[in-house]
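Please keep the sequence and the coordinates at hand while reading.

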Amino acid sequence: MIREILTYPDRRLAIECEEIEEITDEIRQLAADMAETMYDADGIGLAAPQVGATCRLIVVDVSGPEAREDLRTYINPRLELLEGKVDTEEGCLSVPALRSKVTRTEKVRLHATDLDGNAVCIDADGLLSICLQHEIDHLDGTLFIDKISRLKRSLYDNKVKKWQKRAKN
Ligand SMILES: O=C(O)C[C@@H](Cc1ccccc1)C(=O)SCC(=O)c1ccccc1
Ligand SMILES: [Zn+2]
């Protein structure tokens, strides 16, 4: 089922998520719900804390929400940063109405477990590399706004305060 996506400054987005010890039916259901929620929100990735879960689970599909033909689910994902630096314009489903330049590593090596319990080890570059870094940051409680300039961050914080005031009235 589609779950609510938490938005900044919800403190649950800052949680350091725990390793998954056992792949239970509950984990499988969460992964299915995260994929459905990601597609519904036109995303190419989603991390468990974005739907209020505190385990190290991410889903990615860089083929995009229209194609939906390359869904990958990763349990306890870990990245080796290999080489290169790249600047990209990022957004986040948990940080509405903000896009900003983020500098990331170009090539990464992913170590994870898939839903069948098999070990995964793949090298990634391009959009998949960026998406994996963005999603695994979420598992560590890091949002891309933690990586932008203090000025841009404070401007966004002021916008959020205005939205919250308006929501209260
Ligand atoms: O908030 C999230 O984790 C989802 C986010 C992940 C992301 C991946 C790569 C760069 C920035 C952020 C998104 O999916 S934002 C949507 C997006 O970037 C996109 C959507 C369709 C096609 C291409 C990109
Ligand atoms: Zn995000």
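Which spacing do the donors of the zinc ion (ligand 2) follow along the chain? The pattern is C-x41-H-x3-H. In this predicted model, the corresponding atoms are SG of Cys92, NE2 of His134 and NE2 of His138, which coordinate the zinc ion at 2.1 to 2.3 Å. Water is not among the atoms, so the site may look incomplete.

The two histidines of this site belong to one element of secondary structure. Histidine 134 and histidine 138 both lie in helix α3, where they are four residues apart, about one turn of the helix. Helix α3 spans residues 126–139 and also gives the most to the shell around ligand 1, with five residues.

Attention may now turn to ligand 1 itself. Ligand 1 sits in the largest pocket and is surrounded by 14 residues, of which Ile44, Gly45, Gln50, Leu93 and Glu135 are the closest. Sorted by class, this shell holds five nonpolar, six polar and three charged residues.

Several contacts to oxygen atoms of ligand 1 can be traced individually. On the backbone side, an N or O atom of isoleucine 44 is found 2.8 Å from an oxygen atom of the ligand. From the side chain of glutamate 135, an N or O atom lies 2.7 Å from an oxygen atom of ligand 1.

Two features of the backbone remain to be noted. Tyrosine 8 and proline 9 are joined by a cis peptide bond, with omega at about 10°; proline 9 lies in the segment before α1, the helix of residues 25–40. Aspartate 42 has a positive phi of about 60°, although this residue is not a glycine. Its place in the chain is the loop between α1 and β1, the latter comprising residues 45–47.

Methods:
Residues are numbered from 1 along each chain as its sequence is written. Chains are lettered from A and ligands numbered from 1 in the order in which they are written. This is a predicted model: local features need pLDDT of at least 70, side-chain atom pairs count only at pLDDT 80 or more; totals for chains, interfaces and linings use all residues. Side-chain values use heavy atoms; hydrogens and water are left out. A residue is near a molecule or strand if one of its heavy atoms lies within 4 Å of it. A polar contact is a pair of N or O atoms within 3.5 Å; within protein, one must be able to donate a hydrogen and the other to accept it, and residues adjacent in sequence count only if both atoms are side-chain atoms. On a 1 Å grid over the protein atoms alone, a cavity is a set of points where a 1.4 Å probe fits but cannot get out, and a pocket is an open set with protein on both sides within 12 Å along at least five of seven lines; lining residues have an atom within 4 Å of a point. A molecule sits in a cavity or pocket if more than half of its atoms lie within 2 Å of its grid points. Ala, Val, Leu, Ile, Met, Phe, Trp, Tyr, Cys and Pro count as nonpolar, Asp, Glu, Lys and Arg as charged, and the others, Gly among them, as polar. Donors are N, O and S atoms within 2.8 Å of the metal (3.2 Å for Na, K and Ca); water is not among the atoms, so sites may look incomplete.
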